[in-house]
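Work through the exercises below with the model open. Try each task before you read its solution.

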Number of protein chains: 2
Amino acid sequence: MSSSSLLQASISSSSSAFFANTKINFNSRAQNVSLPAKPLGVCTCVATPQSEKTAFKTQVSRNVNIAKLQAGYLFPEIARRRAAHLQKYPDAQVISLGIGDTTEPIPEVITSAMAKRSHALSTLEGYSGYGAEQGEKPLRAAIASTFYDNLDIEEDDIFVSDGAKCDISRLQVVFGSNVTMAVQDPSYPAYVDSSVIMGQTGEYQKAVEKFGNIEYMRCTPENGFFPDLRTVARTDIIFFCSPNNPTGSAATREQLTQLVQFAKDNGSIIVYDSAYAMYMSDDNPRSIFEIPGAKEVAIETSSFSKYAGFTGVRLGWTVVPKQLLFSDGFPVAKDFNRIVCTCFNGASNISQAGGLACLSPEGLKAMHEVIGFYKENTNIIVETFESLGFKVYGGKNAPYVWVHFPGQSSWDVFSEILEKTHVVTTPGSGFGPGGEGFVRVSAFGHRSNVLEACKRFKQLYK
Amino acid sequence: MSSSSLLQASISSSSSAFFANTKINFNSRAQNVSLPAKPLGVCTCVATPQSEKTAFKTQVSRNVNIAKLQAGYLFPEIARRRAAHLQKYPDAQVISLGIGDTTEPIPEVITSAMAKRSHALSTLEGYSGYGAEQGEKPLRAAIASTFYDNLDIEEDDIFVSDGAKCDISRLQVVFGSNVTMAVQDPSYPAYVDSSVIMGQTGEYQKAVEKFGNIEYMRCTPENGFFPDLRTVARTDIIFFCSPNNPTGSAATREQLTQLVQFAKDNGSIIVYDSAYAMYMSDDNPRSIFEIPGAKEVAIETSSFSKYAGFTGVRLGWTVVPKQLLFSDGFPVAKDFNRIVCTCFNGASNISQAGGLACLSPEGLKAMHEVIGFYKENTNIIVETFESLGFKVYGGKNAPYVWVHFPGQSSWDVFSEILEKTHVVTTPGSGFGPGGEGFVRVSAFGHRSNVLEACKRFKQLYK
């Protein structure tokens, strides 16, 4: 795995609008997260002077559910702060360990397959039009055999997609507005946001920094980042991410067995996000379907993004077992299939060619090398913070390091790190109130950047 | 443009599951369409014996809106009939002019750009991770200048996506469940289906073959396939496709001016689908934004699918002008942006490289050649049916020919054509009750297939 010069790397490894100009917030990357209202004040991502008194307005009411979301916008707020920082320090060598975006080139065995498929589309024999919305058969089969071997997951249980985040929203469309849901707190913001959008929640409650009608399952060092299920109210849907973004912790077999039993007792559906499973070092389950009975209560979503650097190529999948039934006995997979067919048209055939190459013996080896590289980054970050006396979580099973700053506001810590080291991290409270007092440091970065960032951390906290 | 041997072509030009095995209906292509209940009886796409009495069921209720959809499934039903046909005639040389799927290779200037981008992803300089969800700036700029030059549509009004069908669903998520909507009747089924899914409609009413709470704007030869707006009730949203799928007709400047005024009078939002605009032969508007004032009442969605053979590559766009406001003055574009950022992660970077190449001078020339090829197909089909004494609509401005069989059931006609010529078409009533008595013949096909199909039509109807 190569690493670039500091100069080049300082421009940041990410091409995303995470680094967008503040003036065009409208275009900026918006992975939105509930934010505490106080430090933000007015949401800067909303105001533009479109609605002068003279402007024509339609008589179409704005969707009240989307209006609820306005309380939070994590990444644009970070982008705003970063831009302000760059204005203050125009020559700063800013390093981003914030957003979890891959930085290393995709192995050639994979890109060659995509290039080959591209060229083939110019030939009569190689051209293909609409593919099956559920994905190409060989890819579905390869995903089933690579990730779910001996787990009785079949090719037709796999739905190939343009990414796990997109599938989460499609799942929410399947569930509709009349379900209740639980999330780990802290958690990846797409679960809560998509729930709000579908109208499953109440308003944002500033005092507690939570949306009404969502069950927040607190995950802290005290409970080993696994919720105390005895205190968790029944919900229809339980979003559960392991290895977890942002805490980096992975649930054990015993814990997942508890979770499946909990779902079974409550008649709930678990949406299990395993997008970081290949980063695991220990022998905890890679899939929820390793737990007996899980196929009757769980869906699993995953992605090539963090395995093969496909964040921009777009390819993921979701497993909806035939055994998973709604209360009336109707298979969930049939409704998911209906949504996939009606609201989606399949992942790009070129991306799918890349996915198939990922799962060849050479592709798997290459993916493991990339993952190994990021895991080395993780170790460097963990060792750095540990050497400085911090309590550090995660890292072992995920490319995220969850650093504890007990008693401190995570936004304050974020700001101090940015101000004094020019390194962008992510404030833990952006992932929910349970993230307060933590900062997430991502291991996605060129080696030189990670080393330089750690050097600066050591200077700051020595 | 090359054409293949009959033998090869007879396998059909489409790779989609349109031709799926009946036994795996679950996996079959399901562009769903309201069907008259009578000829179908039990929906064959639903039943599998998952829900035996012993099976565990969750306590999660099935989404009632999705359950409403079960009345219709056009393309799987056609696939079932086709499969049954092949069982009856195992050696039949079946030709598909049914689903509108492109068949001709993508010009090399476009695939080379995609291959180049693929290879670049293996280099440090060429690698990119997450892109802006709204699309890459150069592509947004190229779309704005190519399709909306002099129309005051700016780069940041353009949202690049994985296709118009996907954007239609995202727009429905923006609108939510509390809006009313109108569609042309007949129309592309995704409008109605996505409306049903979002809970905007009532139940399917078998007697009239319509969903409750949708305004069906009848488009017939009598009104020149443009609705009599004096008889159309006010709705919040008006889906309008021109050139139209399935009728092939394009609205005139005068008609679109009426439509925009109608929307303005009612405070409605038009979702204008212009996915076939490049197929137009006459000088009717290519974009709704050619109509003065349209930016205050309209969204436009379009696609590279039928221009560049990107049905499998996946690339489209939607224009949401800043000037379009909800009743409270909030810009629609901001909520669309929020949904794009939360429920989507951008089109594949490789597909976007292809899109950019499409809009280069060479790419545009190549696209026009492909479109010209399909337009020749259209002429062949039109001439064939006209020579046989049929009244034929469409064709001139769209790759669809809308053949009138007055007084006949379009399903009966479909069946007779399949039985006697082994050609798959699409029954007009699958696009809504207004399509009864028509059959849609698609011009997407290898030349040899189109010629052979027309030869058989001539034998059947001579």
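**Exercise 1. A bridge between chains**

With which residue does Lys165(A) form a salt bridge, and how far apart are the closest N and O atoms?

Solution. Note at the start that this is a predicted model.
- Step 1: find the partner. Lys165(A) pairs with Glu133(B), and the closest N and O atoms are 3.7 Å apart.
- Step 2: test the distance. A salt bridge needs the side-chain nitrogen within 4 Å of the carboxyl oxygen, so the pair at 3.7 Å qualifies.
- Step 3: Lys165(A) sits in helix α7 (residues 164-175) of chain A, while Glu133(B) sits in the loop between α5 (108-120) and α6 (137-147) of chain B, so two chains are joined.
- Step 4: check burial. Both Lys165(A) and Glu133(B) are buried.

**Exercise 2. A bridge inside a helix**

Locate Glu452(A) and Arg456(A), then decide whether each is buried or exposed.

Solution. 
- Step 1: locate them. Helix α15 (residues 447-461) of chain A holds both, four residues apart, about one turn of the helix.
- Step 2: look at the side chains. Glu452(A) and Arg456(A) form a salt bridge of 2.8 Å, N to O.
- Step 3: apply the cut-off. Buried means under 20% relative accessible area. Glu452(A) has 15% relative accessibility, so it counts as buried. Arg456(A) has 11%, so it is buried too.
- Step 4: turn to another group in chain A. Salt bridges with shared partners connect Glu154(A), Asp156(A), Asp157(A) and Lys322(A) in one network.

**Exercise 3. A buried serine**

Describe the surroundings of Ser249(B).

Solution. 
- Step 1: Ser249(B) lies in the chain B loop between β7 (237-241) and α9 (253-266).
- Step 2: find the polar partner. The side chains of Ser249(B) and Thr247(B) make a polar contact of 3.1 Å.
- Step 3: look beyond neighbours within four places in sequence. Ser249(B) then contacts Phe225(B), Ser242(B), Pro243(B), Asn244(B) and Gly394(B).

Note on methods: Residues are numbered from 1 along each chain as its sequence is written. Chains are lettered from A and ligands numbered from 1 in the order in which they are written. This is a predicted model: local features need pLDDT of at least 70, side-chain atom pairs count only at pLDDT 80 or more; totals for chains, interfaces and linings use all residues. Side-chain values use heavy atoms; hydrogens and water are left out. A polar contact is a pair of N or O atoms within 3.5 Å; within protein, one must be able to donate a hydrogen and the other to accept it, and residues adjacent in sequence count only if both atoms are side-chain atoms. Contact means heavy atoms within 4.5 Å. Buried means under 20% relative accessible area, exposed over 50%, partly exposed in between (1.4 Å probe, protein chains only).
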